[in-house]
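Let's walk through this one together, starting with the overall span and then moving in on the ligand.

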Amino acid sequence: MKPNIKNIAVLTSGGDAPGMNACIRAVVRTGIYNGINMFGVLQGYQGLINNNIIPMDARSVSNIIHLGGTILKTARCLEFKTDEGMEIAYQNLKARDIDGLIVIGGDGTFTGARNFSNKYNIRVMGIPGTIDNDLYGSDFTLGYDTAINTVIEAIDKIRDTADSHDRLFFIEVMGRDSGCIALRSAVASGAEAVLLPERHTSIDELVSQLASGASTKKSSSIVIVSEGHKAGGAYDIAKQVKEQFNHYDTKVTILGHLQRGGSPSSFDRILGSRLGFAAVNEMLQGTSKAMVGLRGNEIKTTGIDEALSRHSFKLENDLLEMTKVLSI
Ligand code: ATP
């Protein structure tokens, strides 16, 4: 039986990701289309606690589909992990008769939503929004496509200068626990080597790879370093390599937060629209404590418990092999 839902709130939480605005727009308009009163929560779970909850209509999401970031703002909120914080959040929702909460974020955000729903029996739906592409249940997370395209554009530019000066560049990209951006951007940019959080690469191994390129007259080399690589960040790795291999002038670039920004790609706009549309429709059908994700080219739901219990990004060994073979 369909539940009688009248009021739904949406929030973005954790790290921001391009495409979140397209998704908010889809959530708000799908809800309104179905006769639901829609609310936006500012600054993630912090906004639930601070009672920063605003009514939203179709016009409040006009002209945002192309914008990076999130109009609802996002935050990391430790207070929501406490019983007291959750109770305040619940009372604020109850005061507005809000029956359903749609959260856009990563696994921390989903953990919060699941715990909240377990405690107060409120309906929740999760939408995978993180540039890391590391959530089980969706082949792609919102923001990943834009982020990797930003990374590749930056690497291409660095390659121009690296080549002109016979330089070795170490480029650090985001991914504390997931090497997805690092590995795929390495293949897409033709990098000479990649260092990932999921795999130990010794300095000796890296040096021998770079030396072999230099011996066949490579005029520059690029090493992509994932920020979560266990042997250190790009500066540490560059220093260690330079001690053993001094063939090129060595430079380091940390791409940092520019990877999160920018106008979302068409892929992320469409993905955000599809996921937002599906999340509301699923909630109105009675689904709760689930996330919507893209699998194949279909939108599918996965229980949040299942999504959280499985690790998502599986290192693609063929891509790893390719970074060696195709950069000889
Ligand atoms: P990203 O992948 O971009 O880091 P995320 O959603 O994983 O996104 P987190 O900072 O881990 O980002 O989590 C976002 C928020 O979710 C936290 O700041 C906190 O408010 C809430 N949260 C995380 N874990 C819990 C928990 N165990 N109980 C309640 N709330 C939680």
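How far apart do the end C-alpha atoms of residues 7-281 lie, and how much of the span is helix and strand? The ends are 13 Å apart, and the span is 43% helix and 18% strand (DSSP runs numbered from the N terminus, with helices being H or I of at least four residues and strands E of at least two). UniProt lists that stretch, in an unreviewed entry, as "domain: Phosphofructokinase".

A word on the ground rules: this is a predicted model, where local features need pLDDT of at least 70, side-chain atom pairs count only at pLDDT 80 or more, and totals for chains, interfaces and linings use all residues. Residues are numbered from 1 along each chain as its sequence is written, and side-chain values use heavy atoms, with hydrogens and water left out.

Now for the ligand. There are 18 residues around it, with Arg76, Cys77, Gly106, Gly108 and Thr109 coming nearest (a residue is near if one of its heavy atoms lies within 4 Å). Helix H4 (residues 107-120) gives the most to this shell, six residues.

One oxygen is 2.5 Å from a side-chain N or O atom of threonine 109. Arginine 76 puts a polar side-chain atom 2.6 Å from a ligand oxygen, while for glycine 15 a polar backbone atom is 3.0 Å from one. Taken alone the ligand exposes 620 Å², and the protein buries 84% of that (Shrake-Rupley areas with a 1.4 Å probe).

Definitions and conventions:
A polar contact is a pair of N or O atoms within 3.5 Å; within protein, one must be able to donate a hydrogen and the other to accept it, and residues adjacent in sequence count only if both atoms are side-chain atoms. UniProt positions are given in the numbering used here, feature names are shortened, and annotations may be inferred rather than shown by experiment.
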